[in-house]
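Visitor: Can you walk me through this one? I'd like to start with the ligand.
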Amino acid sequence: MFILSEDSKRTQGRDAQSSNIMAGKAVSEAVRTTLGPRGMDKMLVDSSGNVVITNDGATILNEMDIEHPAAQMIVEVAESQEDEVGDGTTTASVLSGTLLAEAEDLIEQDVHATTIVEGYHEAARIALEAIDEQVLSVEVDDELLVQVAESSMTGKGTGGLTPEVLAETVVEAVRHVDSDEGVARDNIEVHTQVGASSSATELVSGIIIDEEPAHDEMPTVVEDASIGILDVELGVRTGEVDAEYSIDSMDQLTAALDHEEAELRQYAQDVIDSGVDVLFTTDSVDDRVASLLASEGILTFDDISNKKARKVANATGARRVGALEDLTEEEFGHADRVRSEAYGDDELAFVEGGAAAEAVTVFVRGGTDHVADELERAIGDALDVASTALESGEVVPGAGATEIAIADHVRSAAAGIEGRKQLAVTAFADAMDIIPRTLAGNTGQDPIDSLVDLRAAHEAEGRAGLITDGETVTIDDPVEYGVVDPADVKREAVESATEAATMIVRIDDVIAAE
Ligand code: ADP
Ligand code: MG
């Protein structure tokens with residue numbers, strides 16, 4: 001109720017505070033059941049009946065029509081989490097909701113909001129220390145990257161395909177764009193095509209654009225191709241015939257048509273003479289020109305968008321030219337192969353082995369729209385975490401182990417903190433427990449019993465998480481099971497959740513102080 005319609009009058013003091021906190025909690029409650037490998041999916045239906053089925057926190061919050069301003073802040077937590085590190089959105093929003101719930105209890109015990117804010121900030125600093133301590137002292141190699149990618153995909157709708165196969169594709173993509181300057185994540189595209197099972201998902205070493213050849217008789221594959229990009233129309237501009245001739249006899253009409261024909265022929269000849277193998281134009285190509293180009297084996301895609309033209313230019317090194325006479329070898333790009341392929345009613349152009357950029361595309365296949373879309377999101381997250389982990393080289397244990405360690409560290413540090421602030425620091429530690437508790441609950445375990453067992457195992461063994469393979473649940477060292485997350489995902493979750501929770505608590509403080 002609170003989060004979906006803002007029909008509210010202005011409130012101040014405790015009322016405003018509890019309304020804000022309630023809204024924040026409600027939002028985090030909404031995504032809680034999707035956390036972890038055994039998390040459930042949500043089906044979201046918008047006002048025009050479009051359906052999205054997803055397990056992705058950021059997507060859920062985006063699709064929900066949230067109006068309450070405090071609730072909106074939690075949505076922003078998920079958004080910034082998604083922008084910064086690409087994963088951990090559910091963790092961050094569940095954590096901020098729980099920090100709010102803990103704050104509510106403290107407010108009821110007459111702890112001042114400012115004290116809560118100070119305590120939370122202090123606790124967040126201590127939490128970051130704890131994360132540093134959890135960072136694995138091993139090199140981030142392909143095996144570990146596959147584990148990171150796989151952990152982020154476990155429980156997502158990967159269409160029955162073992163995430164490991166997809167994780168390997170993801171890591172291959174990330175390795176492909178890795179250089180001394182870092183991971184060029186922007187050079188990895190994800191292209192979704194419905195109509196095959198997700199096991200057909202593959203890595204294409206190049207770009208894919210949804211375009212069909214300008215003429216049926218054009219070749220569908222061109223190897224070792226010089227690429228031209230043209231920004232002019234190859235056709236007779238409308239009105240040209242009337243302007244130059246006043247037609248009042250059959251002869252004149254024939255002359256006009258001949259002239260037109262000759263002009264089109266010249267366009268085609270110019271393209272042929274340039275030596276280009278594959279031509280992309282942002283404007284249209286007349287059918288007659290296209291037919292002439294086809295007979296010379298020149299593959300042409302016309303009327304492509306500016307964005308696609310830029311993509312082709314980036315990948316192949318071709319420079320866009322604005323006049324036909326400028327279409328020369330110096331401006332050409334190069335690709336090992338350009339091919340056109342039909343998928344049902346859709347036709348796709350693959351530009352592979354472009355000379356200029358190390359662009360790669362994860363070509364995601366899925367049996368239905370919903371499967372393909374959710375797979376695309378899961379792969380997007382996996383690409384982000386693998387990039388993040390490779391760049392920073394820092395990975396921490398997953399499955400709740402890092403959160404247990406954070407809670408433990410913060411709880412012990414609280415003892416040394418004076419005054420009521422100590423209560424807020426302890427509350428922060430308690431809030432961290434929500435992650436392992438929720439993982440347990442979503443796996444069908446008793447959250448309290450699991451928490452107790454986890455803490456005991458953490459005390460005894462040092463690293464303890466709640467590992468599930470979908471059927472069984474084990475309390476053990478997650479690293480041994482390959483359940484690992486990038487350290488930056490945890491850091492960002494702690495920081496953004498703290499920021500949102502303290503902001504919401506503080507807003508009321510300002511109003512109440514008036
Ligand atoms: P988020 O949006 O926060 O990334 P997810 O639904 O992706 O939420 O769940 C992420 C959590 O699931 C992380 O804490 C991660 O360590 C944990 N996780 C991943 N794989 C496993 C597994 N096999 N067993 C237990 N926990 C796992
Ligand atoms: Mg995730």
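Visitor: How many residues surround ligand 1, and which are the closest?
Guide: Bear in mind that this is a predicted model. Ligand 1 is surrounded by 22 residues, and the closest are Gly36, Thr90, Thr91, Ala399 and Asp485.
Visitor: What lies 2.8 Å from an oxygen atom of ligand 1?
Guide: That is a polar side-chain atom of threonine 90. Lysine 490 also has a polar side-chain atom by a ligand 1 oxygen, at 3.5 Å. From threonine 34, a backbone N or O atom lies 3.4 Å from an oxygen of ligand 1.
Visitor: How much of ligand 1 does the protein bury?
Guide: The protein buries 96% of the 570 Å² that ligand 1 exposes when taken alone. The space it takes is the largest pocket.
Visitor: Which elements give two or more residues to the shell?
Guide: Helix 4 (89-108) and strand 16 (465-468) do.
Visitor: And how do the shell residues divide into nonpolar, polar and charged?
Guide: Around ligand 1 there are seven nonpolar, eleven polar and four charged residues.
Visitor: Changing topic, helix 12. What span should it have, and how far apart are its end C-alpha atoms?
Guide: Helix 12 covers residues 369-392, which is 24 residues, so at 1.5 Å a residue it should span 34 Å. Its end C-alpha atoms are 34 Å apart, which agrees.
Visitor: What follows helix 12?
Guide: Glycine 393 does, with a positive phi near 70°.

Key. Residues are numbered from 1 along each chain as its sequence is written. Chains are lettered from A and ligands numbered from 1 in the order in which they are written. This is a predicted model: local features need pLDDT of at least 70, side-chain atom pairs count only at pLDDT 80 or more; totals for chains, interfaces and linings use all residues. Side-chain values use heavy atoms; hydrogens and water are left out. A residue is near a molecule or strand if one of its heavy atoms lies within 4 Å of it. A polar contact is a pair of N or O atoms within 3.5 Å; within protein, one must be able to donate a hydrogen and the other to accept it, and residues adjacent in sequence count only if both atoms are side-chain atoms. Accessible areas come from the Shrake-Rupley method with a 1.4 Å probe; for residues, only the protein chains shown count as cover. On a 1 Å grid over the protein atoms alone, a cavity is a set of points where a 1.4 Å probe fits but cannot get out, and a pocket is an open set with protein on both sides within 12 Å along at least five of seven lines; lining residues have an atom within 4 Å of a point. A molecule sits in a cavity or pocket if more than half of its atoms lie within 2 Å of its grid points. Helices (H or I, at least four residues) and strands (E, at least two) are DSSP runs, numbered from the N terminus. Ala, Val, Leu, Ile, Met, Phe, Trp, Tyr, Cys and Pro count as nonpolar, Asp, Glu, Lys and Arg as charged, and the others, Gly among them, as polar. The expected span of a helix is 1.5 Å times one less than its number of residues.
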